[in-house]
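Welcome, and please open the viewer. We will take this tour one selection at a time.

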Amino acid sequence: MIELKNIHKTWQNDKISLLTIEDINLSINKGEFISIIGPSGCGKTTLLKLIAGLLEPTKGQILLNDKATNQKSPQRLSIVFQNPILLPWRKIKENIQLPNELNNLPLNKNVYEKIHLVGLQEFENNYPDELSGGMQQRVAIARALILNPTLLLMDEPFSSLDEVNRNRLNLELLKIWKELRPTIIFVTHSISDAVFLSDRIIILTKRPAKVKEILSIDLPRSRKLEIKETLEFQRYVKWIRERIE
Amino acid sequence: MDKRKNRINSWRLPLLAFVVIIGIWEISTDVFNINKIILPDPYTILISIITNWNILIKHTSITMIEALFGFIIGTLIGILIAILFVYFSKAKQAFYPYAIALKATPLYALAPLLVMWFGSGIFSKIVMSALVAFFPILVNTVKGLTSVEQESYDLFRSLSASKWQVFTKLRLPNALPYIFTALKISTTLSVVGATIAEFTGSSMGIGHLIVNASYYLDTSLMFSGIVMISLAGVLFFYFVDYIEQKMVFWQKND
């Protein structure tokens, strides 16, 4: 379980101090699929980095399973960034091995299983620049899954892909989520993706970001793309759009 | 097959240009009856190279050994100081601007001073080579080590990588293309450095040979020396270029 207790974040440099996140309170259940959505530049990424422990909140506290994130504990969390951030000098397999390598685990632990999971068996010995954008992002997902994280943070991971690829990866992500059951926090600017993927959607206001609404998506699970055609789905999308604009 | 064809094609025009220029040179020395002491024709130079082959090889190797040692020393010290700069930002703030400025200065002007300090033997030449090779390497290594994207650091931090791991698995490989760019520049600089230091005072090396030949108005031998050291310098450059292609295979060169 993840709990955010009156989180504030202020950006500070010599000239300005800018309040980007104001008093966010959230609690996210284990195994839940949460999307965070809001106007661009509102601080979604900052919020994700706070949860990841890459940034410190100016005020407030973040608890992962009742432990503060700033304590150096081996939390099982992984991040998938907007760019795949693959190391160009490593083969696909070696890129996926990176988390094992950095944590002094057996190099091949879980590697083939995850390569298989994202369907890249044929490309394990290729270099990143030989793969398309969608395949590179698959590698990033496999890498993020290698340590079997209980929390997966995703920062607009598919935003640079075309719609066909995005839909395909959304489906694969749901399949992976169903199989491994991590908690997923998914930052996106696509309302349709958020509704399609999530249990709950957190809508943020523009800067400074506050929680505007929290919306439960009561669509049946094992969702297929056709669900986007239903009236119910479109009602959710419309409802959110009206609150973001 | 296509690749090979392309390679041959890319050589064809430069080769033609070479033949044309040498041809014009050869003919014009005849037509305008130019004194061989002022400008010997290519054929005379070729004969001079063949007859003086042993001496030329000896002196070229001496200069190249000086250049190679200087190059290696300059490279090692350059990379080492770059690493220090990156991890001790106060040192970088204090000295880096001078490094950038000195990179663009003709440090060859120091040659007489170095010969005075370190003698007319091989050592002053190595110092000169090392000095001119050093600055490009330092500046580029700093650039390479600091040009890592914030997201890559975030990735490594989120995987609880140690500082050492960030250095060896992220920053250093990221810097390699920058380092090799500098290495290629420094191959040429170090050969020039050694040669110029030999001009100012030495008893061996291609610089010595050229200066000596000028006393005897043996212009053909001077040209022979120039040709030999140029070829050696080019070979040195392409050797490093070859290693670059093997080591920095992910960077597509144009």
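Contact here means heavy atoms within 4.5 Å. Helices (H or I, at least four residues) and strands (E, at least two) are DSSP runs, numbered from the N terminus.

This is a predicted model, in which local features need pLDDT of at least 70, side-chain atom pairs count only at pLDDT 80 or more, and totals for chains, interfaces and linings use all residues. Residues are numbered from 1 along each chain as written, chains are lettered from A and ligands numbered from 1 in written order, and side-chain values use heavy atoms, without hydrogens or water.

**First stop: chain B**

Select residues 53-87 (helix 3) and 219-247 (helix 10) of chain B: they pack at about 40 degrees, with axes 10 Å apart. Axes are lines fitted to C-alpha atoms, for helices over the stretch in contact, and angles run from 0 to 180 degrees between N-to-C directions.

Now show side chains where the two helices meet. Helix 3 of chain B brings residues including B:W53, B:M64 and B:F71, and helix 10 of chain B brings, among them, B:L221, B:G225 and B:F236.

**Next stop: chain A**

Which order do the 4 strands of the open sheet in chain A follow? The order is 2-1-4-5, with antiparallel pairing; two strands pair if DSSP finds at least two bridges between them. Strand 2 (17-28) and strand 5 (67-68) of chain A each have a single partner strand, so one side of each lacks a neighbour in the sheet.

Look for A:K5, whose bridge partner in strand 4 of chain A is A:Q61.
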